[in-house]
Amino acid sequence: MSNLGVVIIGRNEGERLIRCIQSLHAYIPVSVYVDSASTDNSLKSAKKLGVHAIVLDMSTPFTAARARNAGFEALLNLFPHIELVQFVDGDCELLHGWLEAGVEFLQQNPGVAVVSGVLSERFPQKTIYNMLCDLEWKMPTGNVKACGGNAMMRVSAFKAAGGFLETIIAGEEPELCVRLRGQGWKIWHINVRMMLHDANMTTFIQWWTRTMRAGYAFAEGRHMHGLAPEFHWVAESKRALCWGLYFPLSILFLLVVKPVLGFLLLLVYPLQMLRLVLKSRLPFKVASLQAIFHTIGKFAEALGQLKFFYNRWQKKSTQLIEYKKK
């Protein structure tokens, strides 16, 4: 385990960051925390707990990708012998046994560049939005296309791929995985509990903004890797535009010229929700809530894509779409 280092990123995580760092136990001395202009005591707390803390240069627009790359560079400067790096978001808590399991898996599978485990919400029943996040974290095990922000990676593979693309505001992990797989590496998800995540999402506007950011990421990912063989986020982009833009515009048009057809077309939304509920294996109440928000979310995703197209048209620099409470 002496070949493993940890990179933590955070901004105004407060008690969550303290819990995150404390969960590292013996790995605190080989951990780097990257603070992104926190206005609370995050930086002070990190230093007090013994991690190597640095402050991200905010003269350049902030992205999580920039923070992770800065942490990775600092980690290698401090510990050049590191062969594996665990990336951790400051609102997460590592669970006992994960680091050992991740290291063992990568040692036994030399063709795998990235491994991640099971991520769960700390308080999934606290709000509907936390519950939706908890459902979002569930993914199949085995050889997968992408990982999230909390994952263990080979240093050699990460360096060869050029690290995270710092200009994108979301979806930097799947984008990196596209490049890693293009170099012949595999991405793996194993059925081992990895971390608890604390979304602390309490309002509809937070959920809406986060979903809009996902739509922006879909459009940007499709723009970069949408052609064969990847077709990166092409299907997700099309679904969002179809349900969140094309159908609504068609309905509005028909309501003006042929009201009866317009009202009939409106039925596609409740029918889509019903289809999702019937397809789900979750309890009826949970499946219903998921179906409702999944359908509503397509409007936010479509808006996120329109924002991306507008920024490209205007040649505007990408600005972070924030949903977390300050």
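Modeller: One definition before we start: rings of Phe, Tyr and Trp (its six-membered ring) pair if their centres lie within 6.5 Å. Please also keep in mind that this is a predicted model.

Biologist: Which residues do ring pairs link into a cluster?

Modeller: The cluster consists of Y129, F204, W207, W208 and F293, linked by ring pairs.

Biologist: And how many aromatic pairs does the count come to?

Modeller: The count comes to 16 aromatic pairs. In one of them, the ring centres of Y129 and F293 are 5.9 Å apart and the planes stand at 90°, so this pair is edge-to-face.

Biologist: Which parts does that pair tie together?

Modeller: Y129 belongs to helix α5 (residues 128-137) and F293 to helix α12 (residues 284-314), so the pair joins parts that are 164 residues apart in sequence.

Biologist: Is Y129 buried or exposed? And what about F293, buried or exposed?

Modeller: Y129 has a relative accessible area of 12%, so it is buried. F293 is at 11% relative accessibility and also counts as buried, since the cut-off for buried is under 20%.

Biologist: What sort of aromatic pair do F204 and W207 form?

Modeller: A tilted one, with 5.4 Å centre to centre and 45° between the planes. Both residues lie in helix α8 (residues 204-225), three residues apart, which is about one turn of the helix. W207 is buried, with a relative accessible area of 7%, whereas F204 counts as partly exposed at 37% relative accessibility.

Biologist: Changing topic: which residues touch the most other members of the largest nonpolar core?

Modeller: I8, M152 and M153 do, in a core of 83 residues. Leaving aside residues up to four places away in sequence, M153 touches E83, L84, V85, F87, A113, V114, C147, F158, F164 and L176.

Biologist: F164 is on that list. Which residue lies over the face of F164?

Modeller: R68 does, at 5.5 Å from the ring centre. Elsewhere, the charged end of K126 sits over the ring of F123, 5.8 Å from its centre.

Biologist: Now the overall picture: how many helices and strands are in the protein chain?

Modeller: The protein chain has 12 helices and nine strands. Its radius of gyration is 21 Å, close to the 20 Å that the globule rule gives for 326 residues, so the chain is as compact as a globular protein of that length.

Biologist: What percentage of the residues is buried?

Modeller: Buried residues make up 53% of the 326 residues. Among contacts with a separation of 6 or more, 72% are between residues 24 or more positions apart.

Key:
Residues are numbered from 1 along each chain as its sequence is written. This is a predicted model: local features need pLDDT of at least 70, side-chain atom pairs count only at pLDDT 80 or more; totals for chains, interfaces and linings use all residues. Side-chain values use heavy atoms; hydrogens and water are left out. A nonpolar core is a set of buried Ala, Val, Leu, Ile, Met, Phe, Trp, Tyr and Cys residues joined through side-chain atoms within 4.5 Å. Buried means under 20% relative accessible area, exposed over 50%, partly exposed in between (1.4 Å probe, protein chains only). Contact means heavy atoms within 4.5 Å. Rings of Phe, Tyr and Trp (its six-membered ring) pair if their centres lie within 6.5 Å; planes under 30 degrees apart count as stacked, over 60 as edge-to-face and the rest as tilted. Helices (H or I, at least four residues) and strands (E, at least two) are DSSP runs, numbered from the N terminus. A charge sits over a ring if NZ of Lys or CZ of Arg is within 6 Å of the ring centre and within 35 degrees of the ring normal. The radius of gyration is taken over C-alpha atoms; the globule rule is 2.2 Å times the number of residues to the power 0.38.
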